[in-house]
Amino acid sequence: MTIPENPIYVTQPSMPPMDEFVEYLKQIWDSKWLTNNGHFHQELEQQLCKYLGVNHISLFSNGTLALITALQSLRISGEVITTPFSFVATTHALHWNGITPVFVDIDPETFNINPNKIEAAITPKTTAILPVHVYGNPCNVEKIEEIARRYGLKILYDAAHAFGVKKNSNSILNYGDLSVLSFHATKVFTTIEGGAIVSHSAEEKNRIDQLKNFGFVNEVTIAAPGINAKMNEMQAAYGLLELKYVENKIKKRKTNSVLYKELLSNIDGITLMDVPQGIEHNYSYFPIIINESVTNRKRDEVYDYLKSKNIFTRRYFYPLISNLATYSSLKSSEISNLPIANKVASSILCLPMYPDLTTDNIEYIAKSIKEAL
């Protein structure tokens with residue numbers, strides 16, 4: 001089997017037509033309105049609300065600043081219950097707000113926060129729950145919201161992976177007090193860098209929009225110590241173009257996912273994730289679990305072998321956040337408290353997944369995985 005000349009990366013952006021983007025850039029250039037809630041910014045907010053089926057959306061320059069601002073908007077402090085199985089930005093946003101993360105273990109099937117572990121972690125200092133829709137698979141939102149209501153807690157969903165995901169035909173972004181999206185270049189929908197907060201009232205959106213613009217209410221009034229997290233017009237224009245093609249890109253991702261499952265489903269020692277019933281997915285990732293006890297191969301051995309074949313997978317999410325130096329001293333970070341999360345982090349492998357991935361690419365990747373095992 002010939003090693004491909006060009007590397008096959010875990011993700012690769014599918015670019016919109018250059019001529020359309022250039023036309024948008026000309027309009028920005030002529031208007032001389034580069035940022036601060038320009039025409040493309042306003043248009044993208046409106047179009048995203050319509051596409052996603054949400055009432056209010058506030059655009060940000062990146063998803064991390066959106067998370068930090070969402071916590072500020074909800075006035076969250078003290079302790080927040082969250083998952084250790086996520087990208088570090090989830091917990092870093094808490095750290096930047098002076099909030100203590102309290103980790104609970106994950107569900108062994110979905111890899112999302114295990115709602116059955118949440119109540120035991122609640123203390124008088126707990127003010128909120130910060131779950132993550134891992135790989136775009138929705139959390140058990142009903143159970144989480146029932147717990148939050150009973151204890152008077154806020155819910156902020158990290159929905160970085162969940163663009164366009166629906167549960168029983170309703171956007172997953174309509175759950176919780178706020179949901180935060182990422183529009184990074186690696187995501188299903190991208191503005192190159194970018195993010196957004198989905199809110200449920202005009203009053204909440206107004207507060208968020210003030211906080212992301214230094215706290216300005218008008219030229220002479222600053223309501224709160226805000227931050228500069230505004231999305232510029234180039235990003236917004238790129239996003240409008242992406243929105244034209246995102247539906248087709250998700251369809252291609254689904255086709256790729258189906259082919260992966262066909263080629264990998266009968267390999268001993270590999271566990272694949274299934275899309276739950278009633279979920280309209282975006283197929284943002286294709287994770288597999290390497291079962292070392294069956295294959296006699298460690299996950300990292302498979303990872304290194306694939307790299308030698310010019311296939312660049314990712315160990316999303318490894319190291320586990322709770323094992324990082326910044327957070328490892330927390331009592332909730334103890335391995336005995338997080339056995340499932342530690343096990344999954346040491347065995348997960350996300351395969352290349354993007355719209356332009358070819359059938360030949362996927363067949364080559366599947367064959368290489370069989371060789372590695």
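The model is predicted: local features need pLDDT of at least 70, side-chain atom pairs count only at pLDDT 80 or more, and totals for chains, interfaces and linings use all residues. Residues are numbered from 1 along each chain as its sequence is written, and side-chain values use heavy atoms, with hydrogens and water left out.

**Salt bridges**

The structure holds 13 salt bridges. The term means a side-chain nitrogen of Lys or Arg within 4 Å of a carboxyl oxygen of Asp or Glu.

| Pair | Closest N to O distance |
|---|---|
| Lysine 212 and aspartate 209 | 3.8 Å |
| Lysine 261 and aspartate 274 | 3.7 Å |

Lysine 261 lies in helix H7 (residues 233–264), and aspartate 274 lies in the loop between strand S13 (270–272) and S14, so this pair ties together parts that are 13 residues apart in sequence. Helices (H or I, at least four residues) and strands (E, at least two) are DSSP runs, numbered from the N terminus. Lysine 261 is partly exposed at 23% relative accessible area. Aspartate 274 is exposed at 60%. The cut-offs: buried is under 20% relative accessible area, exposed is over 50%, and partly exposed is in between (1.4 Å probe, protein chains only).

Salt bridges that share partners join Glu45, Lys205, Asp209 and Lys212 into one network. Lysine 205 and aspartate 209 both sit in helix H6, four residues apart, about one turn of the helix. Lysine 205 is buried at 15% relative accessibility. Lysine 212 is also buried, with a relative accessible area of 5%. Aspartate 209 is partly exposed at 22%.

**A three-stranded sheet**

Three strands form an open, antiparallel sheet in the order S8-S7-S14. Strand S8 (170–171) and strand S14 (279–280) stand at the edges; each has a single partner strand, so one side of each lacks a neighbour in the sheet. Two bridges join strand S7 (residues 166–167) to S8. Pairing requires that DSSP find at least two bridges between the strands. Lysine 166 stands opposite serine 171 in S8.

Most residues other than glycine have a negative phi, and most peptide bonds are trans. Which residues depart from this? Tyrosine 135 has a positive phi of about 60°. Tyrosine 135 lies in the loop between strand S5 (126–130) and helix H5 (141–151), and is buried at 2% relative accessibility.

Asparagine 310 also has a positive phi, near 70°. Its place is the loop between helix H9 (299–308) and strand S16 (311–312). Asparagine 310 is buried at 17% relative accessibility. The side chain of asparagine 310 reaches the backbone oxygen of glutamate 5 at 3.4 Å. Asparagine 310 touches Ile3, Pro4, Glu5, Asn6, Pro7 and Ile8, not counting residues up to four places away in sequence; contact means heavy atoms within 4.5 Å.

Two cis peptide bonds follow. One joins tyrosine 316 and phenylalanine 317, with omega about 15°. Another joins tyrosine 318 and proline 319, with omega about -5°. Phenylalanine 317 lies in the loop between S16 and helix H10 (339–345). Proline 319 lies in the loop between S16 and H10.

**Surface patch**

Phe214, Phe216 and Ile222 make a nonpolar surface patch of about 270 Å². Phenylalanine 214 lies in the loop between helix H6 (202–211) and strand S11 (216–218). Phenylalanine 214 is partly exposed at 38% relative accessibility. Patch residues have over 30% relative accessible area and no salt bridge; like charges are joined within 9 Å, nonpolar side chains (Val, Leu, Ile, Met, Phe, Trp, Tyr) within 5 Å.

Definitions and conventions:
Accessible areas come from the Shrake-Rupley method with a 1.4 Å probe; for residues, only the protein chains shown count as cover. A polar contact is a pair of N or O atoms within 3.5 Å; within protein, one must be able to donate a hydrogen and the other to accept it, and residues adjacent in sequence count only if both atoms are side-chain atoms.
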